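Please open the model in your viewer and keep the selection tool at hand. The tour begins with the whole chain and then moves to single residues.

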Amino acid sequence: MKVRANPSFQRNMKLIGHSDQGGRPDGTQIMIDRGCAYVAHIFSGGFSVLDVADPRDIKPVCFLAAPPNTWTIHLQAAEDLLLVVHAKDLFAQEEFADERNYYKGATDIHAHQDSSARTWSAGLAVYDIALGGRPRQIGFMPVDGIGLHRVWYTGGRWAYASALMDGFSDYIFIVIDMQDPSRPVEYGRFWLPGMNLAAGEVPHWPLANGRFGLHHPIINGDTAYCAWRDAGMVVLDIADRARPKLVAHRTWCPPFEGGTHNCLPLPDRDLLVVVDECVLDREKELKPIWIFDNRVTSNPISIATCPVPGEADYVAVGGHFGPHNIHENRPGSFVSSELIFCTYQNAGVRAYSIKDQYRPEEVGAIVPAPPVRLVDPRPNRSCVLHSADVFVTREGLIFFTDFNTGLHVAEFNG
């Protein structure tokens with residue numbers, strides 16, 4: 001069994017495996033598909049493939065480098081395809097060394113450049129992964145602008161993504177036609193009024209003080225549940241993929257701090273789990289994991305929040321303390337409307353029972369040992385955990401990434 005060190009804290013969870021991902025321990029989004037882990041990197045410029053058939057003995061298979069100056073930080077695996085976003089590497093830009101600038105509306109200044117002057121790749125790359133650990137690129141959809149941030153794809157004809165195009169103030173919702181995976185094409189788009197600067201729209205929010213842009217959607221049937229950062233949650237009717245229509249828009253920033261990152265529908269219970277991401281060091285303002293009643297799709301109502309880890313003073317630890325990403329109940333993975341897994345950055349991974357949706361309770365946690373060194377090249381970063389993404393397999397194994405400590409695997413015993 002390969003693990004780094006004893007966890008700083010654990011309850012009803014046990015570490016069973018670890019990998020430094022071939023010497024590139026920085027990780028963001030992870031997909032597990034037929035014994036392979038596809039791990040996007042946030043600083044290493046590309047993505048890795050790992051053999052996780054034995055989670056206690058993970059073996060690096062290959063690393064696929066991104067084009068120069070390009071982020072490939074999010075990816076999706078389904079039906080022998082791997083979709084990988086391409087965007088400008090914003091964390092490599094001097095003005096984003098202070099991450100407050102990234103989360104406070106400064107991204108649009110990078111999009112509006114002459115296409116011939118761009119030094120990065122922007123769009124969506126498509127890989128054939130029928131042979132497992134040897135992805136073979138078969139298609140690419142270019143876009144004008146910074147590029148895509150995150151994509152949602154569970155197979156079939158349609159993919160959905162957030163995209164920062166020329167002329168827009170921040171990331172918007174786009175529908176991608178995957179009928180021919182070698183030639184994906186944009187099929188439809190939606191933005192909040194005020195975002196289309198090129199069309200003369202005037203923002204009705206203070207751009208300098210917030211991110212009014214889509215993080216990503218999660219799709220249930222003909223409905224898209226969109227996490228729109230500081231603009232909260234946007235619900236779209238996408239029955240007509242070419243012309244998405246607004247169903248509901250809920251915002252709670254202010255008085256809360258915003259940063260909405262996930263909007264996960266639990267259709268069998270008419271609930272939504274909505275996560276606000278902690279985005280800055282030593283944030284003292286609560287970033288909730290909300291539970292919404294979704295019996296009326298046009299009128300989702302917040303009914304509870306999940307408890308905050310309290311076994312240590314994680315604000316004092318440094319770095320980011322608060323939610324980042326949840327396991328999103330993808331087909332073929334662990335699917336539950338009662339048990340929620342969330343990365344909590346410097347507080348590791350948390351499991352919540354929402355069997356009683358009005359009284360969520362924490363039922364498990366694992367906080368691995370802190371990094372021994374930082375991969376993050378940005379100045380003035382704390383040498384602490386930054387647990388980023390979590391994927392739970394059908395068998396219940398918890399795979400989670402970190403900005404600096406590699407891939408961990410845990411079992412839940414709750």
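With the whole chain shown as a cartoon, you are looking at a predicted model whose secondary structure consists of two helices and 29 strands. The radius of gyration is 20 Å, close to the 22 Å that the globule rule gives for 414 residues, so the chain is as compact as a globular protein of that length.

Next, colour the chain by accessibility: buried residues make up 61% of the 414 residues. Switching to a surface view brings up an accessible surface of about 15,500 Å², of which carbon and sulfur atoms account for 49%. For the charges, select the 37 positive and 48 negative ones, whose mean positions lie 2 Å apart. If you display contacts instead, and keep those with a separation of 6 or more, 54% of them are between residues 24 or more positions apart.

Now select alanine 351, which sits in strand S25, residues 349-353. Is this alanine 351 buried or exposed? Its relative accessibility is 0%, and because buried means under 20%, alanine 351 counts as buried. Leaving aside residues up to four places away in sequence, show what alanine 351 touches: Met13, Ile340 and Phe341, then Glu361, Glu362, Val363 and Gly364, and finally Phe412.

Move on to threonine 28, which you will find in the loop between strand S2 (13-19) and strand S3 (30-33). Although threonine 28 lies in a loop, it has 7% relative accessibility and therefore counts as buried. Which residues does threonine 28 touch, if those up to four places away in sequence are not counted? Select Ala40, His41, Ile42 and Ile73 along with Ala388, Asp389, Thr401 and Phe403, and you have the set that threonine 28 touches.

The last stop is alanine 316, in helix H2, which covers residues 314-317. Here the relative accessibility is 46%, so alanine 316 counts as partly exposed, whereas alanine 351 and threonine 28 count as buried. Finally, draw a line from alanine 316 to glutamate 283: the two are 33 residues apart in sequence, and their C-alpha atoms are 9.9 Å apart in space.

Notes. Residues are numbered from 1 along each chain as its sequence is written. This is a predicted model: local features need pLDDT of at least 70, side-chain atom pairs count only at pLDDT 80 or more; totals for chains, interfaces and linings use all residues. Side-chain values use heavy atoms; hydrogens and water are left out. Helices (H or I, at least four residues) and strands (E, at least two) are DSSP runs, numbered from the N terminus. The radius of gyration is taken over C-alpha atoms; the globule rule is 2.2 Å times the number of residues to the power 0.38. Buried means under 20% relative accessible area, exposed over 50%, partly exposed in between (1.4 Å probe, protein chains only). Contact means heavy atoms within 4.5 Å. Accessible areas come from the Shrake-Rupley method with a 1.4 Å probe; for residues, only the protein chains shown count as cover. Lys and Arg count as positive and Asp and Glu as negative; His and the chain ends are not counted. The place of a charge is taken as NZ of Lys, CZ of Arg, CG of Asp or CD of Glu.
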